[in-house]
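Me: I have a structure open and want to learn how to read its features. Can we go through a few together?

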Amino acid sequence: MTNARIPGFYKMNVDERLRKLRQARPIPLRDLYALTSETAALPFETANHMIENAIGVYPLPLGVALNFQINGKDYLVPMAIEEPSVVASASHIAKLVREAGGFTAEATEREMIGQIQVVGCPNLEAATEILLQREAELVALANAAHPSMQARGGGAKHLQVRVVGEAGTARHSQMLVVHLLVDTCDAMGANVVNTMAEAIAPRVEELTGGKVYLRILSNYTTGCLARARCIIPPEQLATRGYTGEQVRDGVLCAYRFAVSDVYRAVTHNKGVMNGIDAVVMATGNDWRAIEAGAHAYAARFGSYAPMTEWRVDELGRLVGSLELPMPVGTVGGSIGIHPMARFARDLLNVRSAAELAQVVVAVGLAQNLGALKALATDGIQRGHMALHARSIAMAAGATGEMVEQVAARLTELRDFSLDRAKELVQALQAPRLTHAVR
Ligand code: MEV
C-alpha cells in the first residue's frame, strides 16, 4: 500500500525526500542507486544501444507528484519535466480532489490498430468481401508471426476493412485500408503490430489483387481509451481572495473560452499535456505517440476542442472529466532497460498498462484544473515566476545557497531579468572574491 500524502515534501532536501518516499512505498535499492547516482540514471553504455550516433545523455528533472488517489488507491506519480510549477500544481489539485473523495478512472480494452494500405484493387467491394470472409485465416497468420502475444492472452483479434479517399479524383483516389486489431496486453506494442501487419500483407495482396504499400501501426488508438473524473464541492476551491463559487465559475468561464476559440483550446490542451507527457516520459513511454493521438481525439467531432470537460452538477459541485487514447505500456520498448523507467514503474506500483493509463489521464485532468484555477484567479505568473526565478539565478551564474538568495530577491523586486540576476550574483560574489584575493 502506498501513502501518497507526504506533508512538507517540497521543503525537504533530496535525502529526506528519498527517505520519505521509501517509507511511503518500498523502492528497490537498485532503483534508488539509479536515481541518486549522477552517472547511472542512464548509463552511456545503455544509451549507446538505444539510438544511433549517441554522444551523451540529456537529463531532465524528475519530480514526484503527491496526493493522488484514484479509484481509492494512492499513487506517488513520477514526472519528468523541465517546466517549473507543473509538479507543484498537479500535487495541489490532487490534494483538493483527494479531500473530495479522489479521482475515479477507467480504461477500455487495449486494442491497437495495424493499418495496411492496399491500392489498385480491381474491385473494391469484392476485395472488402473476400478479406472479411478470410478474417480468421488472416488473424491466424498475424498471430503466427508473433505467437508469444497470443500466449499471454492477447494477440490479433479482428479485421476491419475501410474504403478511404474519393472516387474519381487522382489526388484522393480510393483505396482499401485494412485494420488489424491487436490486443497488446501490457505493451504499447508498436513492434508487434508492425510485424503482424507486414506478415499478412502478401496474403492481402493475393486475396484482393491490389498492391500493398504502407503497413504500420496507427497512433490514433480509439480502441485503447482511458477516462478520469473528479467532483469537487465549491468550498474546497476557495483560495486567498476568492470564494469557492468564484473559483468554480472562473474555471467554467475559462473552459467556455476554450470551447469557443481554437487559439485558447490549443493552450488549454497544452496544459493537459504538461501533466500527461511528464508521466509518459518518466515511465519510458512514447510521448510523441500519445501527443499525436490526443490532439486527433480532441478534434474527433470535426473541430479542435478542449480535451477536458467541466460542468457544475445539481449540488453546485465542479465536475471535470478527461477521456483520451492512452496506449502506454508497462513492458517492452525502453521500459525494461532504462533505469529511470524501471524506477517510475516501481514507484507507481501499477499492476497493468490499463492502470497506468488511468493514472496518466487523472494527472492530465488535475494539471488542467491547476492551470484554469490559477488563470481564473491570481494568474499563473506569480507562482510560476517565483519558481522560474531559480532557473534565472542559475543562468546568471548562481550556485549553491546563492540560487535561493538570488531567486528570493528577484521575486521581491518583481524583476526577473537576466541582467538583474547577474547584478545580484556579482554583488553576492564580490565579498567572497575579495576574501579569496586577500
Ligand atoms: C503552461 O505550460 C500551460 C498553461 O498555459 C495552460 C493553460 O493556459 O491552460 C498555463
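**Rings, charges and a sheet**

Reply: Start with a charge over a ring. This is a predicted model. In it, Arg17 sits over the face of Phe9, 5.8 Å from the ring centre.

Me: Which residue lies over the face of Tyr297?

Reply: Arg300 does, at 3.9 Å from the ring centre.

Me: How do I read a pair of aromatic rings?

Reply: Take the distance of the centres and the angle of the planes. The whole structure holds 2 aromatic pairs. In one, the ring centres of Phe68 and Phe103 are 5.6 Å apart and the planes meet at 15°, so this pair is stacked.

Me: Where do Phe68 and Phe103 lie in the chain?

Reply: Phe68 is in strand E1 (residues 62-70). Phe103 is in the loop between helix H4 (86-99) and E3. The pair therefore ties together parts 35 residues apart in sequence.

Me: Are Phe68 and Phe103 buried or exposed?

Reply: Buried means under 20% relative accessible area. Phe68 has 0% relative accessibility, so Phe68 is buried. Phe103 has 1%, so Phe103 is buried too.

Me: What is the strand order in the open sheet of 4 strands?

Reply: The order is E3-E8-E10-E9, and the pairing is antiparallel. Strands E3 (104-107) and E9 (308-312) are at the edges; each has a single partner strand, so one side of each lacks a neighbour in the sheet. From one strand to the next, the twist averages 15°.

Me: How many bridges join E3 to E8?

Reply: There are 4, and E8 covers residues 225-232. For Glu106, the bridge partner in E8 is Arg227.

Me: Which helix packs on the sheet?

Reply: Helix H11 (residues 287-298), which touches E8 and strand E10 (318-325). The direction of H11 makes about 120° with that of E10.

Conventions. Residues numbered from 1 in each chain as written. Predicted model: local features only at pLDDT ≥ 70, side-chain atom pairs only at ≥ 80, totals over all residues. Heavy atoms only, no water. Pairing = 2+ DSSP bridges. Helix = DSSP H or I, 4+ residues; strand = E, 2+ residues; numbered from the N terminus. Axes fitted to C-alpha atoms, helices over the stretch in contact; angles between N-to-C directions. Contact = heavy atoms within 4.5 Å. Phe/Tyr/Trp six-rings, centres within 6.5 Å; stacked < 30°, edge-to-face > 60°. Buried < 20%, exposed > 50% of the residue type's maximum accessible area, 1.4 Å probe, protein only. Lys NZ or Arg CZ within 6 Å of the ring centre and 35° of its normal.
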